[in-house]
Amino acid sequence: MAGLAAALVQTSNASEASPNGRPGSYLLRVPPSSGPAGPQRWFVSDEPHRFGYGWISGTIGAVLGLAAFCAAACLAWPNVFTTPWLGAHVPTQLPIAIAAAALLAIACAGVSAWLRHKKTLAVLAAGSGLLAAIVLALAPETAPSTSPRRGLGLDVFVLQLLAYSAVFVPIERLWPRRPEQPTFRPEWWTDFAWFVSSALAVQLTTFLVLTPGTALSAWTPPTFMQAIRALPWLVQFAAVVVTADLVQYHVHRLCHRVPWLWRIHSVHHSATAMDWLAGSRLHVLDALLTRASVFAAIALCGFDPPVIGAYLVFVAAQATFVHANVAWRLRWLEPWLVTPRFHHWHHAADAAFVDRNYAVHLPWLDRIFGTWNLPATEWPSAYGLVGSRGAQGFWAQLVLRSEPAAKAK
Ligand SMILES: [Zn+2]
Ligand SMILES: [Zn+2]
């Protein structure tokens, strides 16, 4: 550990408060990771991502195969793997779509295996496509007459996987902020585990998020609710965004200031690379606290449920987009709506930017409350925690394991 100790650059005594006011935090030049470990190393390769090298076919095949396998599992065992919202709306053409996706995945696997030296994507595409066909054969021919009550959200996972990878993977490959950063970067596996787990647990977390707000909404005076719902749809939507981000801003700021909340929220800041998947690294307690607080506020105001539904789609898309590895500057939008560059600075491994840019939607909230900091044109040079790497890996982060202290030999 001598190298680690030598890399320690204390700006003050370690027992003193850090520039960001967090006890025990000090500037540390974190040595570069020694390379990917665990299953993610199977995906890391020096081969190009561009057309003609089997990466595009392999990735499309792997996503389609995985989605087909999960969708087939939802059909075969709906009570275990589907949510009541989606389980009740199974399209009759779904088995044909699954079979087509499985076949396409196997065809893509063939192309990728032919063009690419590293066969992980080809094996994953072919294996998941074959498994999807086998599970589809096991599925009953008719959909169950009753919708499931307590299934895991595998159906939510499939839809999110297809939608996000169809939108964000091409954007990040065509207009990357960091072209050298591969899609299957180091720590990709950790963030994917957070992505999967949040989808699977969606029923439980939705229940916990909605319960306080639903109880509180009984206190809303009926005349106030009627007045709110009489407003035009767009006005209500704008009001939901302002209300939600006001609450989110202060909860987020508390998460940076209160030590035990910071311990939970620091999981999100431990990501050392930004892309659409990095936003999934959010501890379940962090997600519950923020979302339950936001929902309580908008439920208390009595907004129309379809407007709240539209806001949920908007927040899911924007929260993913602001983490993306995309070079879009969006200068005209920057003063009004949070952009990737604004949120990337919130994740910067730079003491000057610690505890800045809390807003998720409206950057002018940071101006009002004195926490706005955005350089004219630059992007951060590094991401992650200032003074620590944080716990490494999904399970260590889930149990909020603290990083072992650096020791000299
Ligand atoms: Zn934060
Ligand atoms: Zn973030």
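**Close-up 1. Leu 400, a partly exposed residue with 14 C-beta neighbours inside 10 Å.** In this predicted model, Leu 400 is found in the segment that follows helix 17 (394–398). Its backbone adopts a positive phi of about 55°, although Leu 400 is not a glycine. Most residues other than glycine have a negative phi. Leu 400 is classed as partly exposed because its count of 14 C-beta neighbours inside 10 Å falls between the limits of 12 or fewer for exposed and 20 or more for buried.

**Close-up 2. Asp 355 in the loop between helix 15 (340–346) and helix 16 (364–368).** Asp 355 is likewise not a glycine, and its phi is positive, at about 60°. With 16 other C-beta atoms within 10 Å, Asp 355 is partly exposed.

**Close-up 3. The crossing of helix 11 (residues 233–257) and helix 13 (residues 284–301).** The two helix axes come within 9 Å and cross at roughly 145°. The crossing of helix 11 with helix 13 is right-handed. Helix 11 contributes Val 240, Thr 243, Ala 244, Val 247, Gln 248, Val 251, His 252 and Cys 255 to the contact. From helix 13, the contact is made by Asp 286, Leu 289, Thr 290, Ser 293, Val 294, Ala 297, Ile 298 and Cys 301. By residue class, the contact of helix 11 with helix 13 comprises 10 nonpolar, 5 polar and 1 charged.

How values were computed
Residues are numbered from 1 along each chain as its sequence is written. Chains are lettered from A and ligands numbered from 1 in the order in which they are written. This is a predicted model: local features need pLDDT of at least 70, side-chain atom pairs count only at pLDDT 80 or more; totals for chains, interfaces and linings use all residues. Axes are lines fitted to C-alpha atoms, for helices over the stretch in contact, and angles run from 0 to 180 degrees between N-to-C directions. Helices (H or I, at least four residues) and strands (E, at least two) are DSSP runs, numbered from the N terminus. A crossing is left-handed if the near helix is turned anticlockwise from the far one by less than a right angle, and right-handed if clockwise. Two residues are in contact if their C-beta atoms, placed from the backbone, lie within 7 Å. Ala, Val, Leu, Ile, Met, Phe, Trp, Tyr, Cys and Pro count as nonpolar, Asp, Glu, Lys and Arg as charged, and the others, Gly among them, as polar.
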